[in-house]
Each structure stands twice: as C-alpha cells, then as structure tokens.
Amino acid sequence: MGTANSSTESVISAKTIIACALTYTLLFYLNDWLTAFLEVAPGVNWIYLPAGLRLFLVLIFGLSGAIGISIASTLITFERDLDDDIISMIGIGLISGFGPYIARLVVVRNLKINADLSNLNIQMIAISVLVFALLSTALHQLWFVLIGIPSGSLSNAIAMLVGDVLGALLFISLCKFGIDLYKKLTKRESLL
C-alpha cells in the first residue's frame, strides 16, 4: 500500500472509535440545528458540515475513524429517520463511515499522500473533498434507491453533492481559521 500504510491505519483503537463517534454525533446535531432550513430531504442538506469531519477523521484515524462514523451514523439514523428498518440504518451507517474510507484509499494511493499527511496541500485537499463528495453521494443515493428511501433522486443527489462539498470546504476553512487564531494567540509557529 506504500505511503498509505501506517500505524494509524493498521491499529484499530477503541478510544479513537468512541471519540470519532462522539465528535461526529455532536457535529451532526449542531449542523442539524444550524442548517435545518437547508434540508432538502432526510439525510440531504445543502450544507453538511459533518462531511468535512468525516473526511478529516478518516484521513487522520483511518479505519478507526470509519468505524466510529459508521456506529454514530447508524445510531443517528435509528433515532431520527427510519423507525425500525434496521437494514436501511446499517447500510446508511456503513456508507457514511466507509465511503470516506474508500475515498481515502483512492486519494492517498493516487496522490501519493504521506501517511502522516505532511505533504497534503490545498490541491490535494480539494481533490480529496471532490472524490469524497462524489463517492459519498453516489453510494448514499444508490442505497436510497435500492432500499426504497424517498431521499433517492437526481435532485437530492445534486443537493447532497453540493452539501458535502460546501460542508467539507466550510469545515476545513473553520479548522484553518481556528489553527491560525490559536497560533496567533499563543504566538507559536505550529500547533505543538
């Protein structure tokens, strides 16, 4: 696997899984509260900040991030949308966590991103966001259509793609702003 093979990807950590699940859940509900008026259909939003977090968690924590997101998304879907349709809930959860993981594998391998992300630049981030959003939207919409969930349609696919891209870019911008502010306030050149 070359540059993608690292200890962060090969070690599955229960603490990391729980932290990723909790972080994703918190941002999901914050996004739901902030952007409820932008929801097109259940699970489809014009701005979806958790998309950026999914990409971030999976890029940094690999498989542990994907598992944490899958668990959180399954539980969120159980609580919100699909009553007792366990197959649909598990499918949505797996797509939410492992869609970004598959995108990570594709992007890391093809762009030759270092395991520690040290060579990650703005162009690689933009490509990662686009690959992630396309794959996530395609998998979610395919699942919605196959399982008969009303959110599966071309117009919802477009909204989901736009929402994932905008949400990821906004999330990354907020992270960058926070890092810059932290460095300015602490008069440091780096986070450490």
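This dialogue walks through how to read a predicted model.

Reader: What should I know before I read any values?

Author: This is a predicted model, in which local features need pLDDT of at least 70, side-chain atom pairs count only at pLDDT 80 or more, and totals for chains, interfaces and linings use all residues. Residues are numbered from 1 along each chain as its sequence is written, and side-chain values use heavy atoms, with hydrogens and water left out.

Reader: Where is confidence lowest, and where is it highest?

Author: pLDDT is the predictor's confidence in each residue, from 0 to 100. Here the chain mean is 86, and 91% of residues reach 70 or more. Helices (H or I, at least four residues) and strands (E, at least two) are DSSP runs, numbered from the N terminus. Helix α1 (residues 7-10) has the lowest confidence, with a mean of 48. Helix α2 (residues 14-34) has the highest, at 95. Over residues 1-8, pLDDT stays under 50. For that stretch the model has 15 contacts (heavy atoms within 4.5 Å) beyond four places in sequence.

Reader: Which residues have the most contacts inside the largest nonpolar core?

Author: In soluble globular proteins, nonpolar side chains tend to be buried together. A nonpolar core is a set of buried Ala, Val, Leu, Ile, Met, Phe, Trp, Tyr and Cys residues joined through side-chain atoms within 4.5 Å. Buried means under 20% relative accessible area, exposed over 50%, partly exposed in between (1.4 Å probe, protein chains only). The largest core here has 28 residues, and Tyr24, Leu53 and Ile113 have the most contacts inside it. Elements giving two or more residues to this core include α2, α3 (50-61) and α7 (154-186). α3 gives the most, with 6 residues. Leu53 touches Thr23, Tyr24, Leu27 and Phe171, leaving aside residues up to four places away in sequence. A second, separate core has 7 residues, among them Ala41, Phe144, Ala159 and Met160.

Reader: What span should α7 have, and which of its residues are buried?

Author: The expected span of a helix is 1.5 Å times one less than its number of residues. For the 33 residues of α7 that gives 48 Å, and the end C-alpha atoms are 48 Å apart, which agrees. Buried residues of α7 include Asn156, Gly163, Asp164 and Phe171. Their cover includes α2, β1 (39-41), β2 (44-45), α3 and α6. Just after α7, Lys187 takes a positive phi of about 55°.

Reader: How many disulfides does a search find?

Author: A disulfide is a covalent bond between the sulfur atoms of two cysteines. The cut-off is a pair of sulfur atoms within 2.5 Å. The search of the whole structure finds 0. The sulfur of Cys20 is 13 Å from its closest cysteine sulfur, in Cys175, too far for a bond. Cys20 is buried, at 2% relative accessibility. Cys175 is partly exposed, at 29%.

Reader: How many aromatic pairs are there?

Author: A pair of aromatic rings is described by the distance of the centres and the angle of the planes. Rings of Phe, Tyr and Trp (its six-membered ring) pair if their centres lie within 6.5 Å; planes under 30 degrees apart count as stacked, over 60 as edge-to-face and the rest as tilted. The search finds 4 pairs. Phe28 and Tyr48 have centres 6.3 Å apart and planes at 75°, so they are edge-to-face. Phe28 is in helix α2 and Tyr48 in the loop between β2 and α3, 20 residues apart. Phe28 and Tyr48 are buried. Ring pairs link Phe28, Tyr29 and Tyr48 into a cluster.
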